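Let's take a friendly walk through the salt bridges and helix packing of this chain. Have the sequence and the model open as you read.

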Amino acid sequence: MNVSVSAALSDRETTRPRTADDAAAARAGAFLTIDLAALRENYLALRNRLGGRACAAVVKADAYGLGAAHIAPVFHEAGCRHFFVAHLDEGLALKQALPDDCAIMVLHGPMPGAEADCAHAGLVPVLNSMEQIEAWGALARALGRRLPAFVQIDSGMSRMGLPEADITRIAAAPALLDGIIVEAVMSHLACADEPDHPANAEQLANFRRRKALLPDAPASFANSSGIFLGPDYQFDLARPGAALYGLNPQPHLPNPMKNVVRLMAKVVQTREIPAGAHVGYSWRFRADRPTRIATVSVGYADGWLRSLSGRGAVLVDGRAAPIAGRVSMDSITVDVTDLPPEAVKPGSLVELIGPDQTPDAVAALAGTIGYEVLTSLGNRYHRRYLNG
């Protein structure tokens with residue numbers, strides 16, 4: 001990946017005919033490479049921290065933007081049998097990529113009117129409200145069979161899950177769960193990436209107390225960062241997401257996860273501009289010396305966030321080239337004055353995300369989190385899956 005695509009293609013073309021992938025690579029403006037071996041290592045590392053407890057994989061949002069159909073089978077091969085998505089359609093698509101020995105949980109539960117589709121597909125809804133519980137139970141009675149579900153309780157995030165009043169109501173009238181096989185009771189941590197935050201202990205106490213009011217079932221509580229809070233938070237089934245994809249579950253410490261993603265983009269053109277010339281929309285960059293500007297084929301339509309305008313750099317053979325001016329829809333401009341001209345020319349590749357500039361580092365520059373960086377990556381990249 002340190003050579004230009006055109007050079008790499010030329011080398012290959014001397015030994016074999018040009019393939020469709022070669023042609024697509026030549027047409028592409030940028031390349032997104034996903035290391036499947038690193039994904040597998042990340043899953044195994046997280047599972048090993050659980051001391052024999054089960055480890056799921058959260059593959060919602062198309063596996064955080066990286067391609068669930070390619071990635072979920074990697075986790076399955078590593079031993080994962082529990083997968084979480086956000087929406088029913090995500091679950092329906094995921095079923096096509098996984099064997100029948102997997103359980104696929106839908107975090108938002110079925111939307112009103114979609115319960116039968118969920119049951120017919122064999123997906124397991126996460127029931128977040130009395131309305132969802134009532135609808136799922138009614139479907140079970142109509143079908144004449146019990147239906148599996150996870151039940152989510154609110155332990156202090158005030159987002160999804162049963163509030164304490166509804167949990168108390170079920171405790172007083174267990175028949176409200178008639179027809180439902182409660183496969184697990186779960187909740188979600190709000191501040192697990194801040195290990196000293198008092199919310200963690202408060203949510204843990206709330207989860208234990210409120211879960212005890214419901215029928216006995218396995219518990220699921222820890223997300224990626226929650227795994228690192230220790231055994232008290234891990235329970236029976238952990239649900240890592242971000243850490244699987246290389247994001248740091250302990251932002252206050254060195255990242256224990258393997259880097260998964262590399263994003264490279266082609267240089268479209270270079271030009272020399274005089275001191276005093278401006279670059280880009282709104283003239284946000286002004287050259288204070290004769291400057292060489294490279295235009296690179298990636299922009300906010302590709303998920304390179306507009307908040308990165310004038311911030312950070314791309315890397316060329318490990319050397320930084322600062323972003324100059326605003327991020328445009330389809331391109332960015334970078335100052336390559338201090339780089340050798342032969343290193344940056346049309347068709348050359350620059351690195352935007354990789355081992356030396358991780359998604360978390362890009363997120364810090366953009367004023368966001370690595371989750372948004374990954375899930376914003378668009379579908380215009382030429383994608384390559386390594387070590388499959």
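Arg262 is partly exposed, with a relative accessible area of 22%, where buried means under 20%, exposed over 50% and partly exposed in between (1.4 Å probe, protein chains only). This is a predicted model, in which local features need pLDDT of at least 70, side-chain atom pairs count only at pLDDT 80 or more, and totals for chains, interfaces and linings use all residues. Residues are numbered from 1 along each chain as its sequence is written, and side-chain values use heavy atoms, leaving out hydrogens and water.

The side chain of Arg262 meets that of Glu351 in a salt bridge, meaning a side-chain nitrogen of Lys or Arg within 4 Å of a carboxyl oxygen of Asp or Glu. Glu351 is buried at 7% relative accessibility.

| Pair | N to O distance |
|---|---|
| Glu351 and Arg262 | 2.8 Å |
| Arg81 and Asp101 | 3.0 Å |
| Arg210 and Glu164 | 3.3 Å |

What does the bridge between Arg210 and Glu164 tie together? Arg210 lies in helix H10 and Glu164 in helix H9, so the pair joins parts that are 46 residues apart in sequence. Arg210 is buried at 11% relative accessibility, while Glu164 is partly exposed at 30%.

Met130, Ile133 and Glu134 of H8 make the contact with Asp166, Arg169 and Ile170 of H9, contact being heavy atoms within 4.5 Å.

Finally, look at Asp101, which is partly exposed at 43% relative accessibility. Besides its salt bridge with Arg81, Asp101 has a side-chain polar contact of 3.0 Å with His76. His76 sits in helix H5 (residues 68-77) and is buried at 14% relative accessibility. A polar contact is a pair of N or O atoms within 3.5 Å; within protein, one must be able to donate a hydrogen and the other to accept it, and residues adjacent in sequence count only if both atoms are side-chain atoms.

Notes. Helices (H or I, at least four residues) and strands (E, at least two) are DSSP runs, numbered from the N terminus.
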